[in-house]
Amino acid sequence: QFNKDHAIMWQVLREMRPDLPEASAAFPPQVMLLIQRCWAQVASDRPTAQEALDELEKIIADGALFVPNACLQDAVLVKQQALKEALASTGNGRLRQHLEDIAEIVEDPSGELQ
């Protein structure tokens, strides 16, 4: 896993990003633009997690992207697990606070999707 993570880090530092598929019903132009903004080389050009979530919710609400509820629930479970693993391996400090902030966005205490 370390070698793969290391390779990804070097590709990002060299401003390399994966090729995006052609725009389609599965990947409408609004989603492609959001992905490109999230991949911006300069951190200040990227949306925050909340801004990206808000924009994605707007894309879905506008009908440009259909996401079945089961897919959303699966995505939330994956995010929750990844956050739990990241928090478990992170000490105190700014990174932990950022992860906790993200966890609040992703996880609803009622178990329902936000």
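Colleague: How much accessible surface does the chain have, and what share belongs to carbon and sulfur atoms?

Modeller: The accessible surface comes to about 8,700 Å². Carbon and sulfur atoms hold 58% of that surface. Keep in mind that this is a predicted model.

Colleague: What is the mean confidence of the chain?

Modeller: The mean pLDDT of the chain is 75. A pLDDT of 70 or more is reached by 73% of the residues. Residues 109-114 are another matter: pLDDT stays under 50 there. For that stretch the model has 10 contacts beyond four places in sequence.

Colleague: What makes up the fold, helices or strands?

Modeller: Helices. The chain has 5 of them and 0 strands. Along the sequence the pattern reads α-α-α-α-α.

Colleague: How many of the contacts join residues at least 24 apart?

Modeller: Take the contacts between residues at least 6 apart in sequence. Of those, 38% join residues at least 24 apart. As for burial, 15% of the 114 residues count as buried.

Colleague: Which residues of H2 are buried?

Modeller: Val31, Met32 and Leu34. To count as buried, a residue must have under 20% relative accessible area.

Colleague: How do you know that they lie on the same side of H2?

Modeller: By the arc. These residues cover only 160° around the axis, so they sit on the same side of H2.

Colleague: What covers the buried residues of H2?

Modeller: The cover includes helix H3, residues 49-61. Leu53 lies in H3.

Colleague: Why is Leu53 called partly exposed?

Modeller: Its relative accessible area is 25%. Buried would require under 20%, and exposed over 50%. The value for Leu53 falls in between, so Leu53 is partly exposed.

Colleague: How many salt bridges does a search of the whole structure find?

Modeller: The search finds 2. One of them pairs Glu55 with Arg37.

Colleague: What makes the Glu55 and Arg37 pair a salt bridge?

Modeller: The closest N and O atoms are 2.4 Å apart. The cut-off is 4 Å, so the pair qualifies. It links distant parts of the chain: Glu55 is in helix H3, Arg37 is in helix H2, and they are 18 residues apart. Side chains of opposite charge can pair when their charged atoms come close.

Colleague: Where do Glu55 and Arg37 stand, by relative accessible area?

Modeller: Glu55 is at 26% relative accessibility, and counts as partly exposed. Arg37 has 34%, and is partly exposed too.

Colleague: How do you know that Lys58 and Asp62 form a salt bridge?

Modeller: Their side chains meet at 2.7 Å, N to O. That is within 4 Å, so the pair counts.

Colleague: Why is Asp62 called exposed?

Modeller: Asp62 is at 53% relative accessibility. Exposed means over 50%, so Asp62 is exposed.

Colleague: Which residues make the nonpolar surface patch?

Modeller: Met9, Trp10 and Leu13 make the patch, which is about 300 Å². Leu13 is found in helix H1.

Colleague: Why is Glu15 called exposed?

Modeller: Glu15 has a relative accessible area of 56%. The threshold is over 50%, so Glu15 is exposed.

Colleague: Why is Pro29 called partly exposed?

Modeller: Pro29, in helix H2, is at 49% relative accessibility. Exposed needs over 50% and buried under 20%, so Pro29 is partly exposed. Pro29 and Ala64 are 35 residues apart in sequence, and 8.8 Å apart in space, C-alpha to C-alpha.

Colleague: Where is Asp101, and how far is its C-alpha from that of Ala49?

Modeller: Asp101 is in helix H5, residues 94-106. Its C-alpha atom is separated by 9.5 Å from that of Ala49, 52 residues apart along the chain. At 35% relative accessibility, Asp101 counts as partly exposed.

Terms used. Residues are numbered from 1 along each chain as its sequence is written. This is a predicted model: local features need pLDDT of at least 70, side-chain atom pairs count only at pLDDT 80 or more; totals for chains, interfaces and linings use all residues. Side-chain values use heavy atoms; hydrogens and water are left out. Helices (H or I, at least four residues) and strands (E, at least two) are DSSP runs, numbered from the N terminus. Buried means under 20% relative accessible area, exposed over 50%, partly exposed in between (1.4 Å probe, protein chains only). Contact means heavy atoms within 4.5 Å. Accessible areas come from the Shrake-Rupley method with a 1.4 Å probe; for residues, only the protein chains shown count as cover. The arc is that of the directions from the helix axis to the C-beta atoms. Patches are made of residues with over 30% relative accessible area and no salt bridge: like charges are joined within 9 Å, nonpolar side chains (Val, Leu, Ile, Met, Phe, Trp, Tyr) within 5 Å. pLDDT is the predictor's confidence in each residue, from 0 to 100.
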